[in-house]
Amino acid sequence: MRFPLALTAKIAGHIIKHKLRKTPKFAMVLQLEPLHTCNLTCTGCGRIREYSTSLKDMVPLEKCLQAAMDCDAPMVSICGGEPLIYPKIEELFAGLLEQKRIIYICTNGMFMRKKMRDYMAADYSPGMETKLQALLKAELVTEKEAEVIRKSDAAARSKVVIRPSQWMYWNVHVDGLEFTHDLIVEREGVFKECVEAIKMAKILGYQTATNTTVYKETDAQEIEDMFKFLSSLDVDAHTISPGYEYDAAKKDMVKRLGKQPEDFFLTRKMTRQKFARIQEWSKAFTIIGTPMYQEFLAGKREMTCTPWAIPTFNVKGWKAPCYLMTDGHYDGYQEMLSKVQWEKYGVVDGVARDPRCEHCMVHCGYDPSGALGTNYQRGDNWKNFKYNFWPKPPRYERGHEVKAFNGFSIGKGHLAEAKAAINNPRAAMNGAQSVFQHREEPHEHNGSEGCGSGDKSKRDALLAKITARKDA
């Protein structure tokens, strides 16, 4: 079947239980943000601006675990910020596992290998050596790191760690192939680290998933190539969602980057164009999302948002009305459910109740609608059953042929032109554009500025230096 039976059964049982009880609103997934601190400043993410005054704040471990108990969602997505920065992430993972939750650790991948080395050190035995040798051969750990693992002391062995589990996924942020992803996360080398972390996770027996946001300049063919490449790495599942111009992200884009949101985010019409082939992709790759949500993305049906099905808890409390829009924070989960005027939000029959909702078609708002039977049409139950219980799409064996590394790792990242020019007097005299004028693996764009619209301030600063040198 497409997804593990135990996980599918747990979620299905949760829905059936509440349907039988006629519960009007209940949580499917808890978006748990123990902190908003992050080591990256991804274009399109508004968290660092919306919570700029509380970036150093953290939710105490006990409150995190209590939030999961209060809403009783079968699945918890630990996000942020970067959750692996949270000092109690291992204890949070262990506590949620004890509560029998399905756990997704949503990470940018930069600290994954460190956390997995901690696990190896805690559990090292002769039986672990085979995996360690495989990691050494693949150059995913160094000889020095391997020795630290082998010689782990009592403190390392007693440490709470994130072990592989059938109830847990590493959910890695990947927004395209190397050039695009590094541009969107505004740092070169991140895509390469994500890939290496995923490879290490698979050798050690972890389940892995990826989450991707599609923006205006994202090329649909590149997304398909990304799926092919990730499939060849044996990634277990994928979440994909359109980039939506929510308030905090728009403000960050204008103030920090000097960009216009309409040049980056998708309208509803653009989303349907970008996702025209989502149903084809779901047949070839293990994409998380109901068939109804995929039809909605492709413009084949309308759906109504169910924001209460995926509530968010963070440093300020229960965020409402949804993961992306903030009209208030509440101390209690039931208080939020009862006080928020849910009928004021979402899009019904193509008409936005709130103008901020007009172009939103995001996964966290609409995918649960497909599972809960919102806007039910005849045959939907069969579609859901077939999607989940039919065989999992096979591994894409030719994924290694995809030229995934088309940026930083081959010296052609988004800062390559400026770096080469500033380091090369001849290039400086001729101008930066003469250097790496054409990448070896060109690809098409839907916009005029290349893949994504990341922060180009570093490149612009370097180009300014070049111009000054030429003038001198």
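## Helices, strands and the chain as a whole

Helices, written H or I and holding at least four residues, and strands, written E and holding at least two, are DSSP runs numbered from the N terminus. In that numbering, glutamate 143 is found in helix H7, a helix that is taken up again below. The model described here is a predicted one, and the secondary structure of its protein chain comes to 21 helices and 11 strands.

Of the 472 residues in the protein chain, 55% are buried. The accessible surface of the chain comes to about 20900 Å², and 53% of that area belongs to carbon and sulfur atoms. Among contacts between residues at least 6 apart in sequence, 78% join residues at least 24 apart.

## Helices H3 and H4

Helix H3, residues 61-71, and helix H4, residues 89-98, have axes that come within 10 Å and cross at roughly 30 degrees. Angles under 35 degrees count as roughly parallel, and H3 and H4 are therefore roughly parallel to each other. The crossing in which H3 passes H4 is right-handed.

On the H3 side, the contact is made by Leu61, Cys64, Leu65 and Ala68, which meet Glu91, Leu92, Gly95 and Leu96 in H4. By class, these residues of the contact of H3 with H4 divide into six nonpolar, one polar and one charged.

## Helices H6 and H7

The axes of helix H6, residues 129-137, and helix H7, residues 143-150, come within 10 Å and cross at roughly 165 degrees. This angle makes H6 roughly antiparallel to H7, given that angles over 145 degrees count as roughly antiparallel. The crossing of H6 and H7 is right-handed.

In this pair, Glu129, Leu132, Gln133 and Leu136 in H6 meet Glu143, Ala146, Ile149 and Arg150 in H7. The contact of H6 with H7 has four nonpolar, one polar and three charged residues. Between glutamate 143 and leucine 132 the separation is 11 residues in sequence and 10.0 Å in space, taken from C-alpha to C-alpha.

## Positive phi in two loops

Most residues other than glycine have a negative phi. Against that background, glutamate 139 has a positive phi of about 60 degrees although it is not a glycine. Glutamate 139 is found in the loop between H6 and H7, and with a relative accessible area of 67% it is exposed.

Lysine 22, which is likewise not a glycine, also has a positive phi of about 60 degrees. The place of lysine 22 is in the loop between helix H1, residues 5-21, and strand S1, residues 29-32. At 71% relative accessibility, lysine 22 counts as exposed.

## Cis peptide bonds

Most peptide bonds are trans. In this model, however, a cis peptide bond joins glycine 80 and glycine 81, with omega about 15 degrees.

Proline 321 has its place in strand S8, which covers residues 317-321.

Conventions: Residues numbered from 1 in each chain as written. Predicted model: local features only at pLDDT ≥ 70, side-chain atom pairs only at ≥ 80, totals over all residues. Heavy atoms only, no water. Axes fitted to C-alpha atoms, helices over the stretch in contact; angles between N-to-C directions. Parallel < 35°, antiparallel > 145°, perpendicular 65-115°, else oblique. Left-handed = near helix turned anticlockwise from the far one by under 90°. Contact = heavy atoms within 4.5 Å. Nonpolar A, V, L, I, M, F, W, Y, C, P; charged D, E, K, R; others polar. Buried < 20%, exposed > 50% of the residue type's maximum accessible area, 1.4 Å probe, protein only. Areas by Shrake-Rupley, 256 points an atom, 1.4 Å probe, with all protein chains shown as cover.
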